[in-house]
Amino acid sequence: MSRITVFSGSGLSAGAGLATFRGPNGLWRQRDPMTLATPEAWRADPQLVTEFYNERRALAWNAQPTEAHLALARLETRFDVQIITQNVDDLHERAGSSKVTHLHGVLDRVRSTQDASHKRWMRGQPVDLDEQAPDGGQWRPDVVWFGEPVLGFTEAETAMAAADKVLVVGTSLTVQPAASLLTLAADKATKVIINADPVTLNAGFELIVGQADDCLPPLVTQWLS
Ligand code: OAD
């Protein structure tokens, strides 16, 4: 079976009403990530960080997969598809994609600050900092903050190098090491980027400028036919 590796970013979920990071209404345009998304920020003000993630968790829980998420899931009818996402929402899974690696963690899950193997699914609900984990730790978002190692990177590298087709969607390709994965795509692979704004292109990639919900379903239909 031919292999497709998808690399997605927040622009894919923009159609579901979830904010991107660096666009005109992007989260990091309005808030300083250094006060919300670093281990230092958590130590300085866990209440502020918790509230930020509680808000985002509720929004993501109430969002629905878009036409683009659903189209990506349809690829599995004919291809071996590995999704590598920078997104912390679960819209790929809810659309039906079965192999999803979350490089930057999962918004709906929290983990203990003492023993990270203590995890809890929130089902969209807010974390109450007065509630402790079973080991006495605090519940922190199970996401990757700036300065922390990304998750599943070796698996992502393998999937990128092995892909017959690489499809990149909705990412500014500015955050490392995630964006560096594109350099691993094989010369002979078909390589396409769909993004609302132009991005700096890696060698061999074709850029389709447009909204994911408009541009991705027709490409999937073409690949499935
Ligand atoms: P960015 O906000 O940097 O980039 C989103 C990209 O999506 C932009 O280039 C937009 O042009 C594009 N876009 C917006 N709406 C779109 C649409 N409807 N269809 C297609 N493209 C659209 O977000 P990411 O690249 O995802 O990390 O950011 C990467 C990482 O930076 C995030 O995972 C997060 C952030 O800091 C952490 O929190 C660790």
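1. A polar side-chain atom of Asp-197 lies 2.5 Å from an oxygen atom of the ligand. Please keep in mind while reading that this is a predicted model.

2. Which residues come nearest to the ligand? There are 22 residues around the ligand, and Arg-22, His-104, Thr-171, Ser-172 and Asp-197 come nearest.

3. Leu-173 lies in the loop between strand 7 and strand 8, and it counts as buried because its relative accessibility is 14%, below the 20% cut-off.

4. The loop between strand 7 and strand 8 (190-195) also holds Pro-177. A cis peptide bond joins Gln-176 and Pro-177, with omega at about 5 degrees.

5. Three strands form an open sheet in the order 5-4-6, and their pairing is antiparallel. Strand 5 (119-121) and strand 6 (139-143) are the edge strands; each has a single partner strand, so one side of each is left without a neighbour in the sheet. From one strand to the next, the twist averages 40 degrees.

6. Strand 4 (residues 105-112) pairs with strand 5 in the antiparallel sense over 3 bridges. Within that pairing, Arg-109 has Trp-121 in strand 5 as its bridge partner. Helix 4 (residues 46-62) packs on the sheet, where it touches strand 4 and strand 6, and its direction makes about 135 degrees with that of strand 4.

7. Where does the side chain of Arg-109 find a salt-bridge partner? Arg-109 forms a salt bridge with Asp-142, and the closest N and O atoms are 2.7 Å apart. This pair links distant parts of the chain, with Arg-109 in strand 4 and Asp-142 in strand 6, 33 residues apart. Arg-109 is buried, with a relative accessible area of 18%, and Asp-142 is buried as well, at 3%.

8. A search of the whole structure finds 8 salt bridges. One of them joins the side chains of Glu-148 and Arg-140 at 2.8 Å, N to O. Arg-140 is buried, with a relative accessible area of 6%. Salt bridges that share partners also join Arg-109, Arg-111, Lys-119 and Asp-142 into one network.

9. Buried or exposed, or something in between: how do Glu-131 and Arg-120 come out? Their side chains meet in a salt bridge of 2.8 Å, N to O. Glu-131 sits in the loop between strand 5 and strand 6 and Arg-120 in strand 5, so numbered that they are 11 residues apart, and the pair links distant parts of the chain. Glu-131 is partly exposed, with a relative accessible area of 39%, and Arg-120 is partly exposed at 30%.

10. The loop between strand 5 and strand 6 contains Arg-123 too. Arg-123 has a positive phi of about 50 degrees although it is not a glycine.

11. Finally, helix 5 (residues 67-74) has Ala-68, His-69, Ala-71, Leu-72 and Ala-73 as its buried residues. These buried residues pack against strand 1 (3-8), helix 1 (10-14), strand 2 (80-85), helix 6 (91-95), strand 7 (165-169) and helix 8 (212-224). For orientation when viewing the helix: an α-helix has 3.6 residues a turn, so residues three or four places apart point the same way.

How values were computed. Residues numbered from 1 in each chain as written. Predicted model: local features only at pLDDT ≥ 70, side-chain atom pairs only at ≥ 80, totals over all residues. Heavy atoms only, no water. Pairing = 2+ DSSP bridges. Helix = DSSP H or I, 4+ residues; strand = E, 2+ residues; numbered from the N terminus. Axes fitted to C-alpha atoms, helices over the stretch in contact; angles between N-to-C directions. Contact = heavy atoms within 4.5 Å. Buried < 20%, exposed > 50% of the residue type's maximum accessible area, 1.4 Å probe, protein only. Salt bridge = Lys/Arg side-chain N within 4 Å of Asp/Glu carboxyl O. Near = heavy atom within 4 Å. Polar contact = N/O pair within 3.5 Å; in protein donor to acceptor, adjacent residues only side chain to side chain.
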